[in-house]
Structure formats: structure tokens, C-alpha cells
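Hi,

Here is the structure I promised to pass on. Have a look at it first, then read my notes below.

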Amino acid sequence: MKNLNIGMIGYGFMGRTHSNAYSQVNHFFPLKYKPVLKAVCARDAEKVRSFADQWGYESVETDWRKVVERKDIDAIDICTPNNLHKEIALAAAANGKMVLCEKPLSMNTAEGEEMVAAIERAGVPNTVWYNYRRAPAVTLAKQLIDSGKLGRIFHYRANFLQDWTISADLPQGGAALWRLDAAAAGSGVTGDLLAHCIDTALWLNGSITDVSAMTETFIKERKHTLTGQIEKVSIDDACTFFCHFKNGSLGLFESTRYARGHKALYTLEVNGEHASLKWDLHDLHRLQWFDHGDEGIVRGWRSVHVSDSDQPYMKNWWVPGLQIGYEHTFIHQVADFLKALEEGKPCSPTFREALETQKVCDAVISSAKERAWKTIAS
């Protein structure tokens, strides 16, 4: 087994999920590479040392440039706010490092194109952490769609609903609330939540050709954590858009952080000529399936419990009937990345594939601003 030395930059929520994935993957997947938690980097020396001790990192840094320049680091994992993705990825590529980048890829399409060019010029393995592809039920949905069992696709709909920003007293910016600050995040729910929905949709249903969107910022001003001043809120609190897919189907997407009672409701549904399927993150181990070919008197929606060994990823886990959870989607992504590395193949979504999601996000924001249909740039 060959060691793959990881240098992770950032240590928040995603830092924990990634660290857990690196630590667990070889316990369950037979692979030729073993991730080694070589270094973790963040600006607060005391906090990053505590994180390193808890998760088993061998060393800490407070300057990410030192991490990407270290000779003992093979792969850079970018877990920072979005505004730092480009600079770190370019430096990592220039130093010949593999790059695993949190979503969304970039602040905008222009940045994403620069990142793709640098990564491809360097020829380094790369992937973007759109982890919901790796929920076994979603991967099963992909297999069913690709098999033709649904027939011609007519509709794709998805939503991602939360409620954590409703209070007007919640500030914006800083380490904990950078997602509410456009300077750090680029956009609001579009880049944070809908990006997940869009990536999954592109993977399951193919390219989106054009969009018509509306967004809303419900609370126009918030105190900024860093300045202490009341400042304009520039991110989108809610977004809804319609779209056409290249295969002729129609799409409907919604995301908001103002849906009282929903903490992380992500659902998707695909309606085809012969069958339909739907999935709910709150019940992530189940795929709902309707087949019009069933005998009429028993025709109806069925709940498929995705835990058998012949279903995606599950042969690596427990016995049939025992389910897995959210954290396993990240373990699956690490396993797929290491397997792709072993075979000399790309690991989807690559930077170039994630750029397509970024283009849709940008078109959504532009459409809402101009109140006009927008074609997705090729």
C-alpha cells in the first residue's frame, strides 16, 4: 500500500467530514493507496493545533503557502471559504500537487476557467467534493436512468431547504458566517445549496441549456462580524429557477434558508415515460420508485431500501438491512478518488465537470438580476 500524504487547508465542518473520510476509507475499501493526515492549516494556531490533535494530523501550519510548497505533501484538500479556492488551487497545481476542492469550484465562471486551465496544464489528479452523488440511493438512481428503465425523461425537480438565517439579529461574515458574506461566498443559496442540486442533475440528466430564475434577499442589512458595522447583504437568501435540459426535459429547482422547519431538506424527483424515481436526504438510504409496467392492481410507489451488497457501495459496509449515513458519502468520494488514482483515470466531478455547474449558477444569478432567460455558456 502506497501512502498519499494529505495537506488540508481549513478545518471547519467540511474539514471534519474530509478528515473522517481519509481516516476510515482503508478500513472498508481495498485500495492500493492509503491517505496519511500529514498537515492541516488554518490561521488560528491554537485552534488548528487542537483540531490536528483530535483528528491525528502529524503537523500544523498557519500559512497555506507553506503547505502547498512542502515536498512531503502529495495532495491539497481545499476546505476554505470560496474566495480562497482559486489562489490555493493555482499554487497547488504549480507545485505539482493533486487537488481536492470543496464545492462550489469557484466564485464565478471566470475564476473556474482559470482553475481548470491551471489544473489541466499541470496534469494533476483533481476532484470537487459534490458528495451527494455518492449516496448509494442516488448512485442507484444514476444506474436506473442510464439503463433506460425510465424511458424518455420529461421532468427533473429538486429543492434544498434550510431555515438557519431567518433571524435578523444573525450577523454576516467571519469564520462561522462567511456564507452570508458575498465577498467570501460569491453567492448565497445558489452557490451553497443549489450547486449540489445542479451537480446531481447534470450527472443524472445531462446538460442544462438555459435558465429563468428569481432570487430574493429578505434581510437587506446585517451587522458584519469583522467590521462591527451594519452593512448591505449581497447574497441571495432564496432562489427558484426553471430550465431546459439538452435531452428535452424541463427542470424546476428551489433553494432557501427561510423555510421554517427545514434544516437540510434536499429532495429530487425524475419523471420518465415508463417510470419515476425520487430521493430525500432525510431518508437517504431509500430510493422511491414507480414503474408503470407493474400490474395495474398493485401499481404504485415502492420504497427500495438501498443496503444490499449488489447495490452501489454497499458490499463494502454491513449486512443487508443495516444502513449508512451522510458521512459515508465522503468516504465513498475518497475511495473513488484513490481507485481512480490507482487506475490512472479521472475522478468525477473533475474541475472541468464542476465548471459546468458554476456556469449554471452564474446564469441563474444573471437571469434573476436581469429578469430574463439566460443561455448556459458552452
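Which residue in E2 does Met-8 stand opposite? Met-8 stands opposite Val-40 in E2. Before the rest, some housekeeping: this is a predicted model, so local features need pLDDT of at least 70 and side-chain atom pairs count only at pLDDT 80 or more, while totals for chains, interfaces and linings use all residues. Residues are numbered from 1 along each chain as its sequence is written, and side-chain values use heavy atoms, with hydrogens and water left out.

**The sheet**

An open sheet is formed by 6 strands in the order E3-E2-E1-E4-E5-E6, with parallel pairing. Strands (E, at least two residues) and helices (H or I, at least four residues) are DSSP runs, numbered from the N terminus, and two strands pair if DSSP finds at least two bridges between them. At the edges sit strand E3 (59-61) and strand E6 (126-128), each pairing on one side only. From one strand to the next, the twist averages 25 degrees; angles run from 0 to 180 degrees between N-to-C directions, and axes are lines fitted to C-alpha atoms, for helices over the stretch in contact.

Now zoom in on strand E1 (residues 2-9). Because 6 of its 8 residues are buried, E1 is largely enclosed by the rest of the structure. Buried means under 20% relative accessible area, exposed over 50%, and partly exposed in between (1.4 Å probe, protein chains only). E1 pairs in the parallel sense with strand E2 (residues 33-41) over 8 bridges, and Asn-5 faces Val-36 there. With strand E4 (residues 75-78), E1 makes 4 bridges, also in the parallel sense, and Met-8 is opposite Asp-77 in E4.

Contact here means heavy atoms within 4.5 Å. Helix H9 (residues 327-343) packs on the sheet too, touching E1, E2, E5 and E6, at about 115 degrees to the direction of E2.

**The cores**

A nonpolar core is a set of buried Ala, Val, Leu, Ile, Met, Phe, Trp, Tyr and Cys residues joined through side-chain atoms within 4.5 Å. The largest has 73 residues, and Phe-241, Phe-253, Trp-279 and Phe-351 touch the most other members. Helix H8 (residues 189-205) gives the most to this core, with 9 residues. Apart from it lies another core, of 35 residues, including Tyr-22 and Trp-129.

Enjoy exploring!
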